[in-house]
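The sequence and the model are shown first.

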Amino acid sequence: MKNRRWIKAAFAVLTGAFLLSSCSSKVVPVNLRTEYRVEPLGIDATNPRFTWEYAGNERNFISSHYEIRIGTDPKHLQVYENGFSLHSHTRYYWDVTVWDQNGHKSALSDITWFETAKLSPADWTALWITDKQDKEFEPAPLFRKTFTAGKTVKCARVYIAATGYYELFLNGERVGENYLDPGYTHFDKRVLYVTHDVTSQIKKGENALAAVLGNGWYNEQSVAVWNFHEARWRDRPRMLCELRITYEDDTVETVVTDDSWKTSTGAYTYNNIYSGDQYDARLEEAGWKTVPFDDAQWDKAIETVAPAHLLVAQQMPAIRIVEEFKPVEVKAFSDTLYVYSFPKNISGLCRLKVKGEAGTRITLKYGELLKEDGRLEQGNINVYYKPVKPGEVFQMDVYTLKGGGEEVFMPSFSYHGFQYVEVESSSPIQLNKESLTALFMHTDLPSIGSFQCSNPLLNKIWEATMQAYRSNLHSIPTDCPQREKNGWTADAHNSIDLGLLGYDGITLYEKWMNDFIDNQTEAGDISGIIPSSGWGYGTSIGPVWDAAMFIIPNALYNYYNDTQSIERLYPIMKKYLAYLKTKEVDGLLTHGLGDWLSWKSTTPNAYTSTAYYYLDYTLMTKFASLLGEDPTPYRAKADTLKAKINESFFNAKTGVYANGTQTAQALALYLHLVPPGKSQLVADKLHETVVANDYFLDFGLIGSKTVPAMLTKYGYVEDVMRMVTKTEAPSWGYWVETMGYTTLPETWTLSPKNRDASLNHVFMGDISAWMMNRLAGINYDEENPGFNHIYIEPHFVKELDWVHGEYYSSRGLIRSEWKREGDRVGLSVTIPIGCKATVRVDEKEFKLDSGTHQLLFR
């Protein structure tokens with residue numbers, strides 16, 4: 001149980017203050033963002049969201065109201081009011097002034113800007129184009145177009161969409177730093193377009209635009225168990241591109257895709273999202289991306305229809321190369337076979353630098369394990385992919401040399417999950433550590449959270465969790481970056497807290513919630529992977545997974561105080577709940593997956609499915625109230641389900657739920673299913689179960705989120721520490737310490753025979769959110785979301801000497817750090833300006849204003 005402590009002294013010190021002598025209040029709005037992005041290009045929101053933080057030295061500052069000014073000229077801004085109409089292709093400048101609770105005016109913020117893209121479908125003048133080949137043709141289509149910029153260019157923007165991926169070039173130079181663009185969607189429902197600033201790449205006079213298109217998820221040409229090769233949207237890749245040039249005299253010229261573009265094929269002989277790229281450098285046509293190239297032998301592009309009725313601006317950060325790794329070891333088996341070992345398991349690609357004879361075929365095969373003889377082992381990740389093309393291998397890029405000097409190869413249209421790469425060539429080549437570089441690629445969410453403590457094991461778990469999380473961000477949250485690459489719904493909702501505590505992910509998740517809208521069937525069902533071409537619907541996956549459509553919008557509300565996803569999905573949720581009602585059996589849901597990949601104990605699926613069904617209705621009650629709808633029917637249904645669950649699964653005398661597993665006990669507490677006065681009894685029974693198992697975990701996906709949190713809530717935090725710091729299986733410590741993994745695996749141990757599990761899954765990593773919430777103590781307040789009010793609830797566990805947690809919320813920096821000083825513990829807390837906090841230690845509470853506060857406990 002909790003150790004009792006008493007407070008000896010508390011004092012507050014405000015740091016980082018500065019003076020604004022022209023204003024009565026010393027607070028100024030800072031870090032202005034539009035649609036949660038700093039000075040974004042290419043937004044298509046007609047009523048954009050504006051957010052900001054505060055800097056200054058007013059501890060008690062609370063904003064009462066604000067005034068935004070906006071305009072196309074930063075010297076002449078007007079008050080932004082309802083009815084202000086935005087126009088496409090326009091840069092807008094804005095600033096903000098805020099008044100405090102006493103009516104005092106803050107300092108005026110600096111001016112920032114955003115730029116609109118296409119606010120209406122009518123703004124597009126470009127046409128979709130493709131080539132004459134069908135969807136089974138393997139070489140990638142190339143396109144080019146020359147044009148003349150006759151005057152001095154003031155600014156230039158490219159708006160481009162493609163199905164599946166594009167790489168765009170202007171005068172031979174690659175446009176932008178994005179990879180695998182645009183993001184993955186249900187291509188027959190919605191396609192994303194991307195905006196690039198290409199002002200610096202356009203020359204006065206002749207210019208050339210060029211593009212190559214990859215298959216991506218749009219045109220799966222081989223076979224995997226999820227049936228993407230049978231996708232209803234499958235077709236030959238196509239693109240839509242519009243270059244808009246504004247000259248210094250403010251005249252505008254556009255260069256658009258139509259049948260005046262030329263098309264051919266070249267060195268990109270094959271690409272597949274699961275297997276990789278194949279590139280034959282002998283087939284390159286020198287200069288095809290530049291003006292002088294003679295394209296007389298190329299065909300005219302084919303104008304074609306739009307693949308979807310929705311064409312939407314991509315608002316989330318792009319996939320980018322965020323880090324490069326040199327190998328820690330290169331083992332040469334011969335002059336045609338090398339194995340590279342890298343320091344971390346990552347998602348991404350490799351860049352190869354090599355010399356050799358023309359026609360030499362080099363393969364780069366990627367994996368997470370090595371065999372006993374040091375060769376690559378893919379057996380844990382290649383089980384679901386069934387390539388049908390001759391010579392095609394899972395996670396293998398192929399490069400054929402043209403000869404004549406050093407050549408550089410980097411794939412364009414796939415990514416892999418790997419720590420080891422086996423390089424094999426058809427003729428002798430000389431490779432060393434400089435020859436191959438690993439490129440870590442993922443959706444580039446800003447990092448906003450960090451955790452460290454005096455125990456290196458916990459730090460390793462945190463780092464492995466965040467490495468796995470980033471490895472599974474590729475325009476959707478995925479389960480793993482190699483074997484599946486799918487948007488499994490429960491994986492994402494189980495890891496939503498660790499994700500949002502580590503990274504600024506609202507725009508990514510809002511995009512993915514739109515995919516839920518496009519995924520739903522007429523009957524109301526959704527699939528277990530989203531997007532899906534048709535796989536994963538029905539009753540096999542079920543309510544625990546589907547609950548993502550409720551849990552993730554709720555998380556975005558709690559972390560950002562934003563209801564946009566709730567508003568957009570509310571009709572989808574209503575339709576889904578109507579569908580679920582048709583699946584009830586005597587008031588329960590008995591279908592679907594439950595505590596997936598548990599260790600030994602199995603919790604009844606009827607219990608877990610109905611429990612999450614209850615959660616759906618409790619959240620729907622909340623959402624209805626937020627949106628001004630009537631919550632009564634949802635509250636009544638939630639009450640009915642709660643009573644049914646307790647009637648069917650709860651023994652009020654013993655405190656046991658279902659069959660008494662760790663997950664069964666914790667889930668009832670986590671979802672507030674327990675009748676009044678029985679919670680401690682249920683928690684004590686959970687504790688008994690853990691103690692009886694020698695403090696080893698015995699759960700899967702659901703328990704990984706609920707067991708540590710509920711043990712801590714009901715007084716057993718030291719027992720959680722015993723569980724977390726174990727290094728024998730099953731445990732997180734076993735993964736990172738005993739096995740040395742740099743990411744979190746899919747299962748608690750690998751099968752000795754098949755080794756049939758990914759080593760880069762994040763779905764059982766909520767223990768890292770527990771570290772931030774329970775050890776550092778940083779928590780949102782559900783009644784005052786978006787960290788307007790913050791709960792600081794640290795636990796000074798005896799196993800730790802110090803803890804440091806930081807979280808850069810949408811309101812500003814929150815910091816909680818504590819350190820032992822003899823028989824005392826010093827706690828330092830930083831609260832953003834304009835926010836308030838409550839510190840809870842044991843059963844005592846202390847109210848804090850903004851600023852940095854020092855508290856001392858004995």
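R282 counts as partly exposed, because its relative accessibility is 49%. The model discussed here is a predicted one. R282 forms a salt bridge with D280, and the closest N and O atoms of the two are 2.9 Å apart. D280, at 11% relative accessibility, counts as buried because the value is under 20%.

Strand β20 covers residues 276-280 and pairs with β19 in the antiparallel sense over four bridges. A hairpin of three residues joins β19 to β20. Within this pairing, Y270 stands opposite Q278 in β20. Strand β19, residues 268-272, has four of its five residues buried, so the rest of the structure largely encloses it.

## Other salt bridges

In total, the structure holds 45 salt bridges. One of them links E434 with K326, with 3.5 Å between the closest N and O atoms. E434 belongs to the loop between β33 (416-425) and β34 (436-443), while K326 belongs to the loop between β24 (319-325) and β25 (329-334); the pair therefore ties together parts that are 108 residues apart in sequence. E434 counts as exposed at 53% relative accessibility, and K326 counts as partly exposed at 43%.

The side chains of E845 and K847 also meet in a salt bridge, at 3.8 Å from N to O. E845 is partly exposed, with a relative accessibility of 43%, whereas K847 is exposed, with a relative accessible area of 64%. Elsewhere, a network of salt bridges links E35, R49, E510 and D562.

## A four-stranded sheet

An open sheet is formed by four strands in the order β5-β4-β6-β7, with antiparallel pairing. Its edge strands are β5 (76-79) and β7 (112-115), each of which pairs on one side only. From one strand to the next, the twist averages 35°.

Strand β4, residues 63-73, pairs with strand β6, residues 91-100, in the antiparallel sense over eight bridges. In this pairing S63 stands opposite D100 in β6. In general, strands of a sheet pair through backbone hydrogen bonds.

## Cavities

The structure holds six cavities of 30 Å³ or more. The volume of the largest cavity is about 60 Å³. The residues that line the largest cavity are Y469, N472, L473, P477, T478, D491, A492, S495, Y509 and V762. By class, this lining has six nonpolar residues, three polar residues and one charged residue.

Terms used
Residues are numbered from 1 along each chain as its sequence is written. This is a predicted model: local features need pLDDT of at least 70, side-chain atom pairs count only at pLDDT 80 or more; totals for chains, interfaces and linings use all residues. Side-chain values use heavy atoms; hydrogens and water are left out. On a 1 Å grid over the protein atoms alone, a cavity is a set of points where a 1.4 Å probe fits but cannot get out, and a pocket is an open set with protein on both sides within 12 Å along at least five of seven lines; lining residues have an atom within 4 Å of a point. Grid points are joined across faces, edges and corners, and a volume is the space filled by probe spheres set on the points. Ala, Val, Leu, Ile, Met, Phe, Trp, Tyr, Cys and Pro count as nonpolar, Asp, Glu, Lys and Arg as charged, and the others, Gly among them, as polar. Buried means under 20% relative accessible area, exposed over 50%, partly exposed in between (1.4 Å probe, protein chains only). Helices (H or I, at least four residues) and strands (E, at least two) are DSSP runs, numbered from the N terminus. Two strands pair if DSSP finds at least two bridges between them. Axes are lines fitted to C-alpha atoms, for helices over the stretch in contact, and angles run from 0 to 180 degrees between N-to-C directions. A salt bridge is a side-chain nitrogen of Lys or Arg within 4 Å of a carboxyl oxygen of Asp or Glu.
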